[in-house]
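Subject: Structure handover

Hello,

I am passing on the structure we spoke about.

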Amino acid sequence: MIIQSVRDGSVETAIPLLLNDLHSLPGSITLIMDDYHAITNQSIHESMGFFIGHLPANVKLVILSRTLPPLALSRVRAQQELLLELSNDDLRFTFDEIDELQSQSLSEQLSQDELFLLWKKQKDGQRV
C-alpha cells in the first residue's frame, strides 16, 4: 500500500505517489471521501487542493461533507470539471414535498399550520 511505503508519514510525500499510481491504473476510478467535514487540519485541506488539481483524467473524486469544504474549487468550476455540487438548499424539502410525505406516511395528518412550521424550521436550518 502506498501510504505504508512512505516512511516519513507525510502527506506531501504520499499524495504524489498516490497520483502516480492512480495515473497508471487502467479504466475509470471513482474515489469517495465521506465525512470530509471532520477534517480540521489546514495542511490536509492544502494537500487535497493539490490532489484535486492534479487528478488524472481517469479518476473522479466524490467528496461528501456536511459543510462546504475549505477547498479552492473555483478552478474546477471554471473548467467545468465539477460535475455536481449539492448544497443544503438543494437537499431541503419543499412545502409540497413535506405535505406529500406526511400524507403518505403518517396516520394522523398535520394541519397546514403545522406543516408550514415544519417547513420553516427545516428551511431555517433548525432541528425538527
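The notes below go through the strands, the helices, the core and a few single residues.

Please keep in mind that this is a predicted model.

Strands

Strand β1 covers residues 29-33 and strand β2 covers residues 59-63; the two pair in the parallel sense, over five bridges. Two of the facing positions can be named. Ile29 stands opposite Val59 in β2, and Thr30 has Lys60 in β2 as its bridge partner. Ile29 and Val59 are also among the residues of the largest nonpolar core. Helix α3 belongs with these strands, as β1, α3 and β2 form a β-α-β unit that is right-handed.

Helix α3

Helix α3 is 12 residues long, and the distance from its first C-alpha to its last is 17 Å, close to the 16 Å expected at 1.5 Å a residue. Which residues of α3 are buried? They are His45, Ser47, Met48, Phe51 and Ile52. These residues lie on the same side of α3, because they cover an arc of only 160° around the axis. What they pack against is α2, β1, β2 and α4 (74-78).

- His45 lies in α3. Its relative accessibility is 6%, so it counts as buried, the cut-off being under 20%. Leaving out residues up to four places away in sequence, His45 touches Tyr36, Ile39, Thr40, Pro70 and Leu71.
- Ser47 is also placed in α3. With a relative accessible area of 9%, Ser47 is buried. Its contacts, again not counting residues up to four places away in sequence, are Val11, Glu12 and Ile15. Of these, Ile15 is one of the buried residues of α2.
- Apart from neighbours within four places in sequence, Ile44 is in contact with Tyr36 and Ile39. Between Ile44 and Glu12 there are 32 residues of separation in sequence, and 9.2 Å in space from C-alpha to C-alpha.

Helix α2

Helix α2 has 14 residues and reaches 20 Å from its first C-alpha to its last, close to the 20 Å expected at 1.5 Å a residue. Its buried residues are Ala14, Ile15, Leu19 and Leu22. They cover an arc of only 135° around the axis, so they lie on the same side of α2. Asn20 and Ser24, on the other side of α2, are exposed.

His23 is 13 residues from Ser10 in sequence, and the two are 20 Å apart in space, C-alpha to C-alpha.

The nonpolar core

How many residues make up the largest nonpolar core? There are 12: Ile15, Leu19, Leu22, Ile29, Tyr36, Met48, Phe51, Ile52, Val59, Leu71, Leu73 and Val76. The elements that give two or more residues to this core are α2 (11-24) and α3 (42-53).

What does Tyr36 touch, not counting residues up to four places away in sequence? The list is Ile44, His45, Met48, Ile63, Leu64, Ser65, Pro69, Pro70 and Leu71.

Asp35 is located in the loop between β1 and α3. Although Asp35 is not a glycine, it has a positive phi of about 60°. With a relative accessible area of 39%, Asp35 is partly exposed.

Regards

Conventions
Residues numbered from 1 in each chain as written. Predicted model: local features only at pLDDT ≥ 70, side-chain atom pairs only at ≥ 80, totals over all residues. Heavy atoms only, no water. Core = buried A, V, L, I, M, F, W, Y, C linked by side-chain atoms within 4.5 Å. Buried < 20%, exposed > 50% of the residue type's maximum accessible area, 1.4 Å probe, protein only. Helix = DSSP H or I, 4+ residues; strand = E, 2+ residues; numbered from the N terminus. Contact = heavy atoms within 4.5 Å. Pairing = 2+ DSSP bridges. Right-handed = clockwise from strand over helix to strand, strands pointing away. Expected span 1.5 Å × (residues − 1). Arc of directions from axis to C-beta.
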